[in-house]
Each structure stands twice: as C-alpha cells, then as structure tokens.
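Welcome! Let us take a friendly walk through this structure, one region at a time.

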Amino acid sequence: MTKQKDSFKTIYIVLGWIAVSLGTIGIVLPILPTTPFMLLAAWCFAKSSRRYYQWLMYHPKIGRYLRDYKANRGIPSSVKIKVLALLWITMAICIFVIIDHQHVRLLLAAITIAVTTHILTIKTRRKHKTKILILVPTINELKEIPKHQGVVVEQCGVGSIRTAIKTTEVINQYDPQWTILCGWAGAYPESGLSIGDCVSVDSEFEADLGTLRDGKFINIADCDFVDTDNYQAKVCPFSSQAGLPRVTSNSVNRCCAESSGAMIENMEGAGFFQTCLNHGVNFMEIRVISNIVGSAINPQVSENLYQTIVKLINDLSKNEH
C-alpha cells in the first residue's frame with residue numbers, strides 16, 4: 001500500500017511540473033492559457049508535495065493571482081488588459097504574418113476568442129480597501145497607533161481562538177494587501193534573544209495542544225488518532241520580507257511550555273497563521289521580546305515594536321508603488 005501511495009505521489013508531482021511548464025510557456029505564448037495549467041499544478045502538488053504546493057501558491061510573481069483565483073477574488077483589470085493585449089498582438093502576428101494556411105488561421109482565431117471569453121468571464125479583482133491591517137492582542141503592546149494613510153489597527157484579543165475569529169472578520173471587512181499581527185513575546189533562554197529585540201516569525205507550532213498519558217504530555221502531532229500533517233508547524237511564506245531576524249515560535253494557551261527547539265512563545269500566532277493561510281492573504285507576524293519565558297513582562301519594549309512597525313509600514317508602502 002505504501003509503495004502504491006508513493007507511486008501516485010510521483011505521478012502527481014510529474015503532472016504538476018508538466019502543468020507548470022505549460023503554464024510558463026503560456027506566459028510567452030498566449031495560445032496556452034496560463035492560469036488553468038497553474039491551478040492544475042497546484043491541485044497536483046496539493047496531493048503530492050507540500051513543499052512544491054507552498055512554492056507555487058506563494059511564488060512572488062504568480063502566487064498572488066493563483067490565491068485570488070482560488071478564493072474567487074478574481075484578477076485585477078490591469079492584469080486582464082495586459083494578458084488580452086499580449087494575446088491579440090501575438091495571435092495577430094501569427095495569423096496575418098507567420099501562418100499561411102487558412103484552416104490554421106481559423107483555428108487560431110477560434111482559440112483567441114475562446115481564451116478572451118474565459119479571461120473576461122473571470123471575476124475582476126477590485127483594488128484593496130486597505131493597504132495594511134495591523135492586529136494587536138492588547139492595545140498596550142503598541143506605544144501608539146501608527147498614523148499612516150491606508151493603515152488600519154484592530155485589537156484581536158489574547159489567545160489563538162479569539163485571534164482566528166477576529167482575523168477572519170477583519171480580512172473580510174477590510175480586504176487588506178497585508179495583514180500583520182504584532183505584539184509581545186517571551187524568549188526561551190537558549191534562543192540568544194534579548195529584551196527589546198524585534199523578530200519576524202517564520203513558523204508557529206501549537207505547542208500545548210495534546211493529551212496526558214500516564215502523567216506525561218503528548219503533543220497532538222504525535223498522537224495516533226489524528227492526521228499528523230494537519231498539526232505540523234505552520235509556515236509564513238513572507239517572513240523574510242520584514243527584514244528582521246526570523247524565528248520559530250510556540251503558540252501556547254498557558255505560558256512556559258517546553259521550547260522543543262522554538263525560540264519564542266506567544267498566545268495568538270497559530271490561530272493567525274492558520275486563518276491567513278486559509279484565506280490566501282499576504283501576512284506577517286512581528287514580535288518584540290518582552291521577557292524571558294518565566295519572568296515578568298517589560299512593557300517599555302512597546303517603543304521598539306512601534307518603531308519597527310512604522311518602518312515596516314513605510315517599506316511595504318514603497319514596494320507597492
């Protein structure tokens with residue numbers, strides 16, 4: 001059974017890369033529609049390789065359009081215009097300059113009309129209502145509200161469940177280009193981090209979700225009654241764009257969980273990561289080290305977090321122009 005499963009995975013991976021190749025050719029040669037091939041590749045990779053799937057869905061050039069298409073958010077009108085212009089220019093050259101056979105010309109004309117119809121029937125993606133949405137567990141964690149056009153700050157509350165619910169609500173309400181969770185975090189002693197350091201969270205693990213057996217805690221990912229793949233650490237594909245040190249984090253409901261290799265712990269990250277991944281949005285989690293795990297919080301670090309968030313807002317706003 002295992003060998004058969006591995007064979008199917010290999011087939012899906014091969015089909016996925018063939019679809020990626022055809023979709024890439026379609027970028028240059030509009031006779032091949034790019035988006036359907038890329039969506040086929042995403043479907044194949046989803047069944048065979050989490051790494052390839054994440055690579056494709058969060059590719060810096062095409063990932064955003066695939067996620068918007070999959071979520072039925074549509075494609076921006078500017079992209080439609082560029083694709084259609086390239087399609088008709090390429091086809092016109094083929095039909096009137098290169099191709100000499102009448103039946104082939106008619107076939108290319110029919111393909112052009114069919115592809116144009118498909119593109120026009122795709123929902124048009126409206127401009128984002130909000131450039132940047134900032135979520136903060138408690139208002140004390142930011143020195144003050146950043147004053148910047150197109151930026152909205154919302155309080156999400158403490159804990160993964162509250163954060164997941166609030167993140168869903170505000171993503172649907174504001175439709176932001178970027179969603180950023182920021183706040184305090186405790187650093188594990190062996191992490192090498194200091195009070196006041198600001199970091200970008202690369203992955204979030206639900207560290208205290210599990211069961212007790214014979215007085216010993218067993219994490220949910222190691223239990224035999226769940227699909228372990230669904231309880232692995234969730235990864236942020238955009239963490240490097242913050243320009244900050246990247247860390248692994250434990251999401252906990254009760255502080256002072258075992259680090260298990262993580263560098264920091266917080267109480268909201270896992271719910272935020274899962275919600276943003278489900279919605280296919282651009283997101284980051286920025287934390288300031290407020291204490292060493294087990295010791296009291298130093299609220300003065302909010303100044304460092306505020307300065308970091310203001311700089312990040314400016315950098316992201318510049319990159320959009």
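Which residues lie nearest the centre of the second largest pocket? They are Ala46, Arg50, Tyr53, Gln54 and Asn230, out of 25 residues that line the second largest pocket. Before going further, please note that this is a predicted model, in which local features need pLDDT of at least 70 and side-chain atom pairs count only at pLDDT 80 or more, while totals for chains, interfaces and linings use all residues. Residues are numbered from 1 along each chain as its sequence is written, and side-chain values use heavy atoms, with hydrogens and water left out.

Back to the pocket. Rolling a probe the size of a water molecule over the atoms shows where empty space is left. Here a pocket is an open set of points on a 1 Å grid over the protein atoms alone, where a 1.4 Å probe fits, with protein on both sides within 12 Å along at least five of seven lines; lining residues have an atom within 4 Å of a point. The volume of the second largest pocket is about 740 Å³, counted as the space filled by probe spheres set on the points. Two or more lining residues come from each of helices H1 (2-28), H2 (34-46), H3 (50-57), H4 (63-70) and H8 (269-279); helices are DSSP runs of H or I with at least four residues, strands are runs of E with at least two, and both are numbered from the N terminus. The lining has eight nonpolar, nine polar and eight charged residues. In this grouping Ala, Val, Leu, Ile, Met, Phe, Trp, Tyr, Cys and Pro count as nonpolar, Asp, Glu, Lys and Arg as charged, and the others, Gly among them, as polar.

Let us look at H4 again. Gly63, Leu66, Arg67 and Asp68 of H4 are buried, where buried means under 20% relative accessible area, exposed over 50%, and partly exposed in between (1.4 Å probe, protein chains only). Just after H4, Asn72 has a positive phi of about 60 degrees.

Most residues other than glycine have a negative phi, and most peptide bonds are trans. Asp175 also has a positive phi, near 45 degrees, and sits in the loop between helix H7 (160-174) and strand S5 (176-187). Ser260, with a positive phi of about 50 degrees, belongs to the loop between strand S10 (246-251) and strand S11 (264-266). Are these two residues buried or exposed? Asp175 counts as buried because its relative accessibility is 16%, whereas Ser260 is exposed, at 65%.
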